[in-house]
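Dear colleague,

Please find below the structure that I am handing over to you, together with its sequence. My notes on it follow directly after.

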Amino acid sequence: MKIVETIKEVREQVKEWKKQGLSVGLVPTMGYLHEGHKSLIDRAVAENDKVVVSVFVNPMQFGPTEDLESYPRDMERDAALCENAGAALVFHPEPSEMYEDDFSSFVDMNTLTGGLCGKTRPIHFRGVCTVVAKLFNIVTPDRAYFGQKDAQQLAVIRHMVSDLSFGIEIVGCPIIREKDGLAKSSRNTYLSAEERNAALILSQSLKEGKALVEAGEKDAAKIKKVITDKINTEPLAKIDYVEVVDWKTLEPVSTIDAPILTAIAVYIGKTRLIDNFII
Ligand code: AMP
């Protein structure tokens with residue numbers, strides 16, 4: 001497995017592979033890889049001849065008060081995980097390689113990005129779309145892999161690929177959880193032992209909401225209330241949002257009669273965690 005830091009090196013390698021008629025899968029990440037990321041890499045390795053993993057903490061998707069500086073990084077461990085999983089290339093650029101001083105073009109979206117995480121993170125999806133569009137142009141993969149853990153991101157990327165005719169298959173992958181239910185996340189490392197325990201309230205509340213939907217409840221307000229009440233039993237938790245939205249439009253629904261995304265964002269202490277289920 002190769003680790004490269006420049007766009008030029010990625011292009012040369014991918015060109016070589018394409019000459020040989022090989023298919024290419026891309027797994028975009030911000031690093032500090034865990035089993036969730038590994039599940040994406042495993043799937044990509046199973047479905048493509050060559051797999052590129054990008055490891056880039058993208059400054060453009062962080063707001064001014066967010067955790068860009070403190071975001072966990074461990075390139076050595078990440079490289080080992082990628083190699084063991086069978087990736088062929090890791091692209092680990094410096095911010096200056098991705099954004100030159102006079103960088104001034106962005107990919108923005110008018111739909112899908114206003115609600116859910118877009119409310120508290122108003123510039124986030126512009127940063128995500130811009131960096132993912134760049135990665136698509138650099139790697140030119142046949143398929144790209146994204147986790148349902150970031151369900152809004154998955155919907156936004158699918159829409160961008162359709163709008164801008166990228167001709168790349170977007171593969172959504174299920175949420176990987178710890179044994180006790182907590183969705184795996186690089187940000188879980190921020191949690192103290194007490195907060196780690198309190199964070200279980202996310203998956204537990206969603207479990208109750210999901211059981212209600214599965215039992216036939218159609219009233220979205222009731223589902224939101226059950227989830228909200230459960231989260232509020234945890235003193236360390238502060239709700240950012242609890243939403244039931246249409247899985248296609250991401251618009252809030254009042255009655256459940258089509259596939260829905262139930263998504264939550266909750267602060268546990270200072271750490272903002274997200275989780276969801278799709279039915
Ligand atoms: P990140 O490094 O957090 O930007 O995540 C990179 C990719 O891994 C995204 O597509 C995420 O949705 C996905 N991912 C992160 N955590 C998980 C998880 N627990 N299960 C499945 N996919 C995940």
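I begin with helix α6: 13 of its 16 residues are buried, so this helix is largely enclosed by the rest of the structure. Buried here means under 20% relative accessible area, exposed means over 50%, and partly exposed lies in between, with a 1.4 Å probe and protein chains only. Helix α6 spans residues 124-139 and reaches 22 Å from its first C-alpha to its last, close to the 22 Å expected at 1.5 Å a residue; the expected span is 1.5 Å times one less than the number of residues. Just after α6, Thr140 adopts a positive phi of about 45 degrees. Helices (H or I, at least four residues) and strands (E, at least two) are DSSP runs, numbered from the N terminus.

Please note that this is a predicted model, in which local features need pLDDT of at least 70 and side-chain atom pairs count only at pLDDT 80 or more, while totals for chains, interfaces and linings use all residues. Residues are numbered from 1 along each chain as its sequence is written, and side-chain values use heavy atoms, with hydrogens and water left out.

The ligand site

The ligand is surrounded by 17 residues, of which His37, Gly147, Asp150, Ile176 and Lys184 are the closest. In the side chain of His37, an N or O atom is 2.9 Å from an oxygen atom of the ligand. A polar backbone atom of Gly147 is likewise 2.9 Å from an oxygen atom of the ligand. Lys184 contributes a backbone N or O atom, which lies 2.9 Å from a nitrogen atom of the ligand. The cut-off for such a polar contact is a pair of N or O atoms within 3.5 Å. Taken alone, the ligand exposes 480 Å², and the protein buries 92% of that; these areas come from the Shrake-Rupley method with a 1.4 Å probe.

Two or more residues of the shell come from each of β2 (24-29), α2 (35-47) and β5 (143-147), and α2 gives the most, with three residues. By residue type, the shell divides into eight nonpolar, six polar and three charged.

Salt bridges

The count comes to 14 salt bridges, each defined as a side-chain nitrogen of Lys or Arg within 4 Å of a carboxyl oxygen of Asp or Glu. Three of them are described here.

Lys8 and Glu12 meet through their side chains at 3.3 Å, N to O. The two residues are four apart in helix α1 (residues 7-19), and are therefore separated by about one helical turn. Lys8 counts as exposed at 59% relative accessibility, whereas Glu12 is partly exposed at 45%.

A further salt bridge joins the side chains of Glu169 and Arg143 (3.3 Å, N to O). Because Glu169 lies in strand β6 (residues 169-173) and Arg143 in strand β5, the pair ties together parts that are 26 residues apart in sequence. Both are partly exposed: Glu169 has a relative accessible area of 42% and Arg143 one of 21%.

Lys224 and Glu243 also form a salt bridge (3.7 Å, N to O). Lys224 belongs to helix α10 (residues 220-231) and Glu243 to strand β7 (residues 237-246), so this pair ties together parts that are 19 residues apart in sequence. Lys224 is partly exposed at 28% relative accessibility, while Glu243 is buried at 17%.

With kind regards

Key. Near = heavy atom within 4 Å. Polar contact = N/O pair within 3.5 Å; in protein donor to acceptor, adjacent residues only side chain to side chain. Nonpolar A, V, L, I, M, F, W, Y, C, P; charged D, E, K, R; others polar.
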